[in-house]
Amino acid sequence: MKLILSALLVLSFCSTGHSQNLLITNVTVIDTKTGQSLPARNVLLQDGLIRSVTKSAGTPNSAAIVVDGSGKYLIPGMADGHIHFFQSGSLYARPDAVDLRKKVPYENEITFTRNNVTDYLQRYLRLGITSVVDVGGPFANFAIRDSTSKTITGPNVLVTGPLF
């Protein structure tokens with residue numbers, strides 16, 4: 001199975017303040033308008049933006065950091081449009097659905113989830129998810145978004161705030 005070299009690489013490179021250029025060579029690019037795979041492409045990033053996608057033509061003569069994408073695909077970053085920072089997805093995260101608070105207090109679940117936000121966000125990136133949207137939760141989610149965006153390389157985080 002061919003590996004996916006997602007926009008995660010691009011996001012990671014650009015969000016860490018690199019002023020250098022990045023050139024991904026010999027990668028298969030997915031054209032999102034036509035759905036076609038375009039093999040043997042060079043993708044040049046300058047100043048955090050994709051500047052060109054060209055057919056590979058031998059060894060590039062560039063001042064960029066070069067990453068060999070042979071045998072890999074470059075795809076747009078994916079988005080998870082429905083997450084909740086205050087819920088881990090475990091059995092104990094939804095006392096409104098299944099009340100297991102006598103086994104594990106709900107407060108412990110919330111604390112566990114908050115203590116592991118960095119790990120969760122880095123897992124998203126490893127899966128090629130470059131944007132997440134928390135679709136309803138406490139105002140504390142704004143602080144989570146603001147603090148993690150300054151301290152880790154992670155996905156773009158959008159939050160909506162409390163539900164009605």
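**Figure 1. Here is the largest nonpolar core of this predicted model.** Eleven residues build this core: Ile83, Phe85, Val117, Leu121, Tyr124, Ile129, Val132, Ile144, Ile152, Val157 and Val159. Which elements give two or more residues to it? They are H3, strand E8 (129-134) and strand E9 (156-159). H3 is the top contributor, with three residues. In soluble globular proteins, nonpolar side chains tend to be buried together.

**Figure 2. Helix H3 shows its buried side.** H3 covers residues 117-126, and Val117, Leu121, Tyr124 and Leu125 are buried in this helix. Why do they sit on the same side of H3? Because they cover an arc of only 100 degrees around the axis. After H3 comes glycine 128, which has a positive phi, near 85 degrees.

**Figure 3. Valine 132 and the residues it touches.** Valine 132 is one of the residues of the largest nonpolar core. What is it in contact with, once neighbours within four places in sequence are left aside? The list is Asp80, Ile83, Leu121, Tyr124, Pro155, Asn156, Val157 and Leu158. Elsewhere in the protein there's a second, separate core of seven residues, including Ile24, Val27, Val29 and Leu45.

**Figure 4. Glycine 48 sits in a loop between two strands.** The strands on either side of this loop are E3 (37-46) and E4 (49-55). Is glycine 48 buried, partly exposed or exposed? Glycine 48 is partly exposed, because its relative accessible area is 37%, and buried would need under 20% while exposed would need over 50%.

**Figure 5. Stepping back to the whole chain.** Four helices and nine strands make up the secondary structure, and from the N terminus on they run β-α-β-β-β-β-β-β-α-α-β-α-β. Of the 164 residues, 31% are buried. The protein exposes about 10200 Å², with carbon and sulfur atoms supplying 56% of that. Take the contacts between residues at least 6 apart in sequence: 63% of these join residues at least 24 apart.

**Figure 6. How confident is the prediction?** The average pLDDT is 83, and 85% of the residues score at least 70. Over residues 10-16, though, the pLDDT is below 50. In the model, that stretch has 17 contacts beyond near neighbours in sequence.

Note on methods
Residues numbered from 1 in each chain as written. Predicted model: local features only at pLDDT ≥ 70, side-chain atom pairs only at ≥ 80, totals over all residues. Heavy atoms only, no water. Buried < 20%, exposed > 50% of the residue type's maximum accessible area, 1.4 Å probe, protein only. Contact = heavy atoms within 4.5 Å. Areas by Shrake-Rupley, 256 points an atom, 1.4 Å probe, with all protein chains shown as cover. Arc of directions from axis to C-beta. pLDDT = per-residue confidence, 0-100. Core = buried A, V, L, I, M, F, W, Y, C linked by side-chain atoms within 4.5 Å.
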